[in-house]
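I opened a notebook for this protein and wrote down what I looked up, topic by topic.

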Amino acid sequence: MRKQPARALPSVKMAAAAPGHVVGAGPHPPSSRWRRGGGMEPAALERFLSPGKGSGLRSRRRVRPGELLYRAEPFAYVVTKEQLGGVCEQCLRRNEHLHRCSQCKVAKYCGKSCQKEAWLDHKQECKCLQNVKPNFPPDSVRLAGRIVFKLLRQSACLSERLYSFSDLQSNAEQLSDEMKDGLRHLAHTLQLYLKAEIQDASHLPPAIDFFQIFTKVTCNCFTISNGEMQDVGVGLYPSMSLLNHSCDPNCVIVFEGYQLLLRSVREIQIGEELTISYIESLMPTSERQKQLKRQYCFECDCCLCQDQEKDAKKLAGEEPAWKEVKDAVNEVRYPKSKDEWEKVLARCQHLLSSHTSHLPDTNIYQLKLLDCAMDACINLEAWEQALCYGSRTLGPYGLYYPDFHPLRAVQLMRVGKLQYSQGMLPQALETLKQAYDIMKVTHGTDHSLMQALMDLKEQCEAIMKVH
């Protein structure tokens with residue numbers, strides 16, 4: 001299932017999962033301009049003190065929708081445990097013929113080129129991975145380990161151009177006791193994991209404090225998603241930690257491999273703050289506020305949170321029915337075999353048939369269930385069924401993502417591909433055109449997913465001309 005590309009939280013359950021960001025800011029200079037690199041001209045982007053939020057980023061010129069504002073490589077990143085062995089550890093591309101590291105036998109790569117590029121980051125963790133076998137560290141612990149090794153190397157990183165790792169805020173004093181206990185447990189797990197390379201953590205420089213690293217990672221790292229918005233990794237991009245939150249943001253983040261791309265999705269005026277959404281905007285207002293407060297220690301007062309306009313539609317239908325569906329969707333983990341996908345599909349079909357008259361497709365948990373059923377059908381190559389479920393999602397997607405949103409673009413593309421596979425060429429072309437209009441803003445014409453969309457659209461047009 002696809003998720004909104006956003007910030008990732010290494011939770012107290014020891015997995016990098018939800019999106020997040022720190023809003024509190026320490027004593028920073030009022031303005032720090034970005035002078036080279038990225039997608040804007042020199043001095044077009046600057047750091048500033050955002051009233052009531054701390055540090056933020058704003059534009060020094062007028063920005064049109066669809067502009068690339070920043071391109072960043074990660075300070076550190078790892079493949080998620082769920083995708084381990086399915087994507088290359090270096091480029092994050094999916095590959096059925098990966099070559100594993102001969103030493104740890106865990107890390108896998110496209111080939112020698114990717115393995116060579118990854119060696120600086122993998123060299124020390126390789127011994128740690130061997131040392132903890134047959135156990136395997138949680139995503140957050142493995143990421144923190146890479147951060148420790150990077151800090152010890154004292155190597156410069158372009159992703160710190162606007163904001164360095166040492167600048168990152170943590171909000172540690174505002175975290176709940178439960179969160180702090182969870183992070184202390186992670187810090188202890190990290191210490192055990194690094195034993196092969198760091199026998200005595202007390203001898204580390206004062207700046208390398210395991211608990212403090214986790215408090216920073218908790219609210220500053222990003223979920224890295226692939227072209228179809230499926231989580232493949234988690235990474236830290238310090239300069240992008242300056243971005244503050246809005247449930248109705250003027251920018252989105254997409255990824256090309258491990259590269260983070262910050263793009264505008266509406267017109268931005270001179271001096272206007274750049275914002276992204278840290279959380280899944282599909283949630284009702286009360287749940288968004290609860291997650292933001294618990295994880296990031298602030299409450300959002302954006303227009304969507306104030307008017308709560310779509311909350312009634314998000315939870316439309318009979319409450320017992322959508323609560324059952326909600327629990328079922330939350331239980332689904334990424335299946336890795338045909339048998340597992342068949343079980344997921346059977347569960348989805350049972351719930352969909354049971355609640356036909358109880359839940360409209362606009363109910364967000366019904367929508368997630370349809371998405372899940374569509375994914376299962378695609379993985380089982382049941383194209384006609386996948387199209388049936390996918391078509392039902394387009395109306396709700398248009399309702400909840402009405403403007404330029406990467407999730408809606410990807411969903412339209414997927415449905416368009418299914419229509420194409422079923423010979424529904426006029427419908428496929430119309431759907432792909434809608435995806436194109438959104439994706440040229442959210443992804444840009446150079447993105448690999450956009451290239452794939454344009455190729456499919458051209459194939460569809462060519463076949464229609466022949467007939």
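The entries below go from the overall build to one hairpin and then to the aromatic rings.

**Ground rules.** I am working with a predicted model, in which local features need pLDDT of at least 70, side-chain atom pairs count only at pLDDT 80 or more, and totals for chains, interfaces and linings use all residues. Residues are numbered from 1 along each chain as its sequence is written, and side-chain values use heavy atoms, with hydrogens and water left out.

**Overall build.** I looked up the secondary structure and found 14 helices and 15 strands; these are DSSP runs numbered from the N terminus, helices being H or I with at least four residues and strands E with at least two. The radius of gyration is 22 Å, close to the 23 Å from the globule rule for 467 residues, so the protein is as compact as a globular protein of that length. That radius is taken over C-alpha atoms, and the rule is 2.2 Å times the number of residues to the power 0.38. I noted that the C-alpha atoms fill a box of roughly 70 × 55 × 50 Å along the principal axes.

**Burial.** Of the 467 residues, 54% are buried, meaning under 20% relative accessible area (1.4 Å probe, protein chains only).

I turned to strand β13, residues 251–256, where five of the six residues are buried. Strand β14, residues 259–264, runs antiparallel to β13 and is joined to it by six bridges; two strands pair if DSSP finds at least two bridges between them. Val-254 has Leu-261 in β14 as its bridge partner. Two residues lie between the strands of this hairpin, and Gly-257 in the turn has a positive phi of about 65 degrees.

**Aromatic rings.** I counted eight aromatic pairs, using rings of Phe, Tyr and Trp (its six-membered ring) with centres within 6.5 Å; planes under 30 degrees apart are stacked, over 60 edge-to-face and the rest tilted. Tyr-278 and Tyr-296 are edge-to-face, at 6.1 Å centre to centre and 85 degrees between the planes. Tyr-278 sits in the loop between β15 and α5, and Tyr-296 in helix α5, 18 residues apart. Both of these tyrosines, Tyr-278 and Tyr-296, are buried. The ring centres of Tyr-397 and Tyr-401 are 5.5 Å apart with planes at 55 degrees, so that pair is tilted. Tyr-397 and Tyr-401 are both buried. I also listed one cluster made of Phe-222, Tyr-237 and Phe-255.

**Charges over rings.** Lys-216 lies over the face of Phe-165, 4.9 Å from the ring centre. Lys-457 lies over the face of Tyr-436, at 5.2 Å. The test asks for NZ of Lys or CZ of Arg within 6 Å of the ring centre and within 35 degrees of the ring normal.

Conventions
Buried means under 20% relative accessible area, exposed over 50%, partly exposed in between (1.4 Å probe, protein chains only).
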